[in-house]
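Let me put the model up, and then I'll walk you through how its pieces pack.

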Amino acid sequence: MSGTRSRISEEELKELMSKLQSLLPETRRRRSERRASAAKLLKETCNYIKSLHREIDDLSDRLSELIATMDMNSAEAEIVRSLLHS
């Protein structure tokens, strides 16, 4: 990499923060509030990502349990296989 760093302008940072804020469910519900601080927004983003990971883990566990109890030759098993290969 070169020794020079690209710097982000204040306006670009505000735009990126606004876009990030619009992606988070908690901040979308609080539209009436002014923009959150960058630190608060980043913390909320991290918490949201952690909750998505927990949800994925939970769904993975539930799917594993379902597959374990399923007749692998059934129509339901074929649907699950097709969804997993999509």
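This is a predicted model: local features need pLDDT of at least 70, side-chain atom pairs count only at pLDDT 80 or more; totals for chains, interfaces and linings use all residues.

Contact here means heavy atoms within 4.5 Å, and helices are DSSP runs of H or I with at least four residues, strands are E runs of at least two, both numbered from the N terminus.

Residues are numbered from 1 along each chain as its sequence is written, and side-chain values use heavy atoms, with hydrogens and water left out.

Now the geometry. The axes of helix 1 (residues 10–23) and helix 3 come within 10 Å and cross at roughly 40°. Those axes are lines fitted to C-alpha atoms, for helices over the stretch in contact, with angles from 0 to 180 degrees between N-to-C directions.

What about helix 3 itself? It has 31 residues and spans 45 Å from first C-alpha to last, close to the 45 Å expected at 1.5 Å a residue; the expected span is 1.5 Å times one less than the number of residues. L41, E44 and T45 are buried there, buried being under 20% relative accessible area, exposed over 50%, and partly exposed in between, with a 1.4 Å probe and protein chains only.

Take Y48, also in helix 3 (residues 38–68). Is Y48 buried or partly exposed? Partly exposed, because its relative accessible area is 29%. Not counting residues up to four places away in sequence, Y48 touches L23, L24 and P25. Its C-alpha sits 8.8 Å from that of E26, 22 residues apart along the chain.

I67 is in helix 3 too, and it counts as partly exposed because its relative accessibility is 28%. Leaving aside neighbours within four places, I67 contacts M72, V80 and L84.

Zooming out, the chain has four helices and zero strands, and 15% of its 86 residues count as buried.

Last, confidence. pLDDT is the predictor's confidence in each residue, from 0 to 100. The chain averages 85, and 84% of the residues score at least 70. Confidence is lowest in helix 2 (residues 25–29), at a mean of 73, and highest in helix 3, at 92.
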